Amino acid sequence: MSIRAEHELHSRRRGRNLGIGLMLGAFVLLVMALTFVKITNIDFGDLPGGAIQTQESN
Amino acid sequence: MSDTSTTTSGDYESQLGDYFALLKPRVMQLVVFTALVGMLAAPVSVHPVIGFASILFVAIGAGASGALNMWWDADIDAIMRRTAGRPIPSGRVQPGEALAIGVALSGLSVMMLGLAANLLAAGMLLFTILFYAVFYSMWLKRATPQNIVIGGAAGAFPPVIGWIIATGSFSVEAWLMFALIFMWTPPHFWALALFMRNDYDDAKVPMLTVTHGRTSTRRHILAYTVLLVILAIGTGFTSIGGPIYLATAVVLNVLFLIGAVKIWNRNEDDSEADNFLVERKFFRLSLWYLFLHFGAILAEATLRPYGLGGWS
C-alpha cells in the first residue's frame, strides 16, 4: 500500500506547523546563544575547587 | 470553571494566531516593558543575550498565566461583550488545549528563566504565574470585590522580576516600581468597569460597581488616585527617579487627579448623557500614565552612565 505524500490534514495545518517549526528553531538558536554566553563569561574562580586550581596555576 | 458553548463550527482548524491570542498579547506588552525597565534600572548590567532571553521567558510566563486564566474563565468570558471574542468562547481553541499550553509554557518559562538568569527570578516568575492563575483567577475574582486590588499584584511583579534578573536580589527600588503598578491597577480597572457597565453584572463577577454601587466606585477611584499620586511623585526623589521622571510624574499626576475628581463629581445621568466620556478619557489616560512613568524611569537609567540621569 502506498503512502500518500501529503494528507489533506497537512495542507490544512501547513501555516501552523511552519510557525511551530520556526519557533522551535528560534528556541534552539536562543539556547545555543545562551550557552555560548554563559561559557565564555564564566568565572572559573567561582566554581567548586576553582580557587585551588587558580592557586596551583600561579 | 463551567462548560462553555462554542460558536465556531466543529471542523475549524485552530491557527497559530488563535493560540497566540490565548497568551493575551496586550498584557504581554506591558509585562515585557515593565520587566525590561526593572532590569535596566537596576545598578547591575546584564549581558544583552541573557537580558533578551530572560525578558522573553518572563513574557512567555505571563502569556502562560493568560492562557490558564482564559481556560478557567471561559464561562464568564462568553457572557461579557469585551471578552466574548476570545479564542475559547468563540470556539477557535478548545479549553483542554488552552490548559495544556498554559501548563507547558509555565514550566518551560520558569525552568528557562532559572537557567538564563537565576533561581530567585525563576521562583518569582512561578509565584507570579500561580498568583494570577490560581489565587486571582480561580479564587479572588469571583469571591471578593477587592479582586482587582489584590489581583493587581500579579501585574505588578514583572519589574521586580526584571530587577532580580539583573541583581539576583530584592530591593526598595524594585518594590517602588511594584507599588506604582499595584496602586495604578484599581483606578484603571474601576474606570473600565464604570463604562463596561453591564458586563460584570451579567457575568456575576463581584466587581465593586456591582457589590458597592457606582457612586462608591467613583469614591474608590479618587481615594486610590490620591494615594497613587503621593507614591508616584515620591518615587521621583529616590534613586530610580530624577528630574525627567519628576517632571513627567508631576504633569501626569495632575492630569490623573483632575480626571479622578471629575469622575467623583459626576453622577450616572451625566455619564449616561455623554456615554461615559470622562470615564473613557480617564481609562485612556491611565494607559499613558503607566507607560510614561516607566518610560521616564528607563530614560533616567539610560542617561545615568553619561552623568545625566538621576539626581547625582
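Modeller: Helices here are DSSP runs of H or I with at least four residues, and strands are runs of E with at least two, numbered from the N terminus. The model is predicted, with local features needing pLDDT of at least 70 and side-chain atom pairs pLDDT 80 or more, while totals for chains, interfaces and linings use all residues. Residues are numbered from 1 along each chain as written, chains are lettered from A and ligands numbered from 1 in written order, and side-chain values use heavy atoms without hydrogens or water.

The second largest pocket holds about 790 Å³ of space (an open set of points on a 1 Å grid over the protein atoms alone, where a 1.4 Å probe fits, with protein on both sides within 12 Å along at least five of seven lines; points join across faces, edges and corners, and the volume is that filled by probe spheres set on them). Its lining comprises 20 residues, each with an atom within 4 Å of a point. Nearest the centre lie A:M23 from chain A and, from chain B, B:L23, B:I60, B:L105 and B:L108. Two or more lining residues come from each of α2 (14-40) of chain A and α1 (16-22), α3 (48-72) and α5 (95-116) of chain B. The most is given by α2(A), with six residues. By class, the lining has 20 nonpolar residues and no polar or charged ones (nonpolar: Ala, Val, Leu, Ile, Met, Phe, Trp, Tyr, Cys and Pro; charged: Asp, Glu, Lys and Arg; polar: the others, including Gly).

The two chains also share an interface. Chain A contributes 15 residues to the contact and chain B 18, counting heavy atoms within 4.5 Å. Together the chains bury about 1300 Å², 71% of it on carbon and sulfur atoms (accessible area, 1.4 Å probe, lost on being put together and summed over both parts). On the chain A side, A:R16, A:L30 and A:L34 lose the most area to chain B, together 42% of what that side buries.

Methods. Buried area = accessible area lost by both parts, 1.4 Å probe.
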